[in-house]
Amino acid sequence: MPILAQPYPFTPPAISSGSVYLFNTDSGLEYEVRFARKKDNLLHCTIAFGVLNEEYEGEEYVVVNKGEVFRVMATIVDVVRKYISEHPNVRSFEYTGEPTGKELENRPSKRMKLYDRYLIDIFGPGWNFNRKGNKMLISKID
């Protein structure tokens, strides 16, 4: 899927080894994109992103529909690409598409299907994608 939306400007961590990137949307939502290394495998990274605004009472996976989804996703694509370029030794990533409402955890959620559309734009052809329910495992092809 070609990325047509203009990404929002984002703030990277103060040091390149940092793990939290921030950006704001035109409607005033503040988003965080966080990368967490696994303790038992520093070359494996979990990606999590969500809204930080207090009005959502700490529910980072809240469904927010302010018509900004494509710009938000374009920004997340840019953030993950930047992280990959600054951490070229990371061999695998994972993320979860949290189910909403009545969706089942063992079936792909609407969020997961949306995120899946951007995988090739983020990672390119040198990566394998393996979905298990609402978890996507991405590994570098050697």
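This is a predicted model: local features need pLDDT of at least 70, side-chain atom pairs count only at pLDDT 80 or more; totals for chains, interfaces and linings use all residues.
User: What is the mean pLDDT of the protein?

Analyst: pLDDT is the predictor's confidence in each residue, from 0 to 100. The mean for this protein is 84, and 81% of its residues reach 70 or more. Contact means heavy atoms within 4.5 Å.

User: Now the sheet. In which order do the strands lie?

Analyst: Strands of a sheet pair through backbone hydrogen bonds, either parallel or antiparallel. Two strands count as paired if DSSP finds at least two bridges between them. In this model, the seven strands form an open sheet in the order β1-β2-β3-β4-β5-β7-β6, with mixed pairing. β1 and β6 (127-132) are at the edges with a single partner strand each, so one side of each has no neighbour in the sheet.

User: Which strands pair in the parallel sense, and which in the antiparallel sense?

Analyst: Take β5 as the example. β4 (residues 41-51) and β5 pair in the parallel sense over three bridges, and Cys45 stands opposite Phe93 in β5. β5 and β7 pair in the antiparallel sense over five bridges, with Glu94 having Leu137 in β7 as its bridge partner. β7 (residues 135-140) also runs antiparallel to β6, joined by six bridges. Trp127 has Lys140 as its bridge partner there, and Lys132 has Lys135. β6 and β7 make a hairpin with two residues between them, and Gly133 in the turn has a positive phi of about 65°.

User: How many aromatic pairs does a search of the whole structure find?

Analyst: Rings of Phe, Tyr and Trp (its six-membered ring) pair if their centres lie within 6.5 Å; planes under 30 degrees apart are stacked, over 60 edge-to-face, and the rest tilted. The search finds twelve such pairs. In one of them, the rings of Tyr8 and Phe23 have centres 6.2 Å apart and planes at 15°, so this pair is stacked. Tyr8 lies in the segment before β1 (10-11) and Phe23 in β2 (residues 20-24), so the pair ties together parts 15 residues apart in sequence. Tyr8 and Phe23 are both buried, where buried means under 20% relative accessible area, exposed over 50%, and partly exposed in between (1.4 Å probe, protein chains only).

User: What lies over the face of Tyr8?

Analyst: A charge sits over a ring if NZ of Lys or CZ of Arg is within 6 Å of the ring centre and within 35 degrees of the ring normal. Here that is Arg71, at 3.9 Å from the ring centre of Tyr8.

User: Which residues form the aromatic cluster?

Analyst: Phe10, Tyr21, Phe35, Tyr83, Phe93, Phe123, Trp127 and Phe129 form one cluster. Two of these, Phe35 and Phe123, also touch Val80, which is in contact with Ile47 and Ile122 too, leaving aside neighbours within four places in sequence. Val80 is found in helix α1 (residues 69-86) and is buried, with a relative accessible area of 2%.

User: Is Asp116 buried or exposed?

Analyst: Asp116 is in helix α2 and counts as buried, at 18% relative accessibility. A polar contact is a pair of N or O atoms within 3.5 Å; within protein, one must be able to donate a hydrogen and the other to accept it, and residues adjacent in sequence count only if both atoms are side-chain atoms. The side chains of Asp116 and Arg131 have one of 3.0 Å. Not counting residues up to four places away in sequence, Asp116 touches Tyr95, Arg131 and Met136.

Methods: Residues are numbered from 1 along each chain as its sequence is written. Side-chain values use heavy atoms; hydrogens and water are left out. Helices (H or I, at least four residues) and strands (E, at least two) are DSSP runs, numbered from the N terminus.
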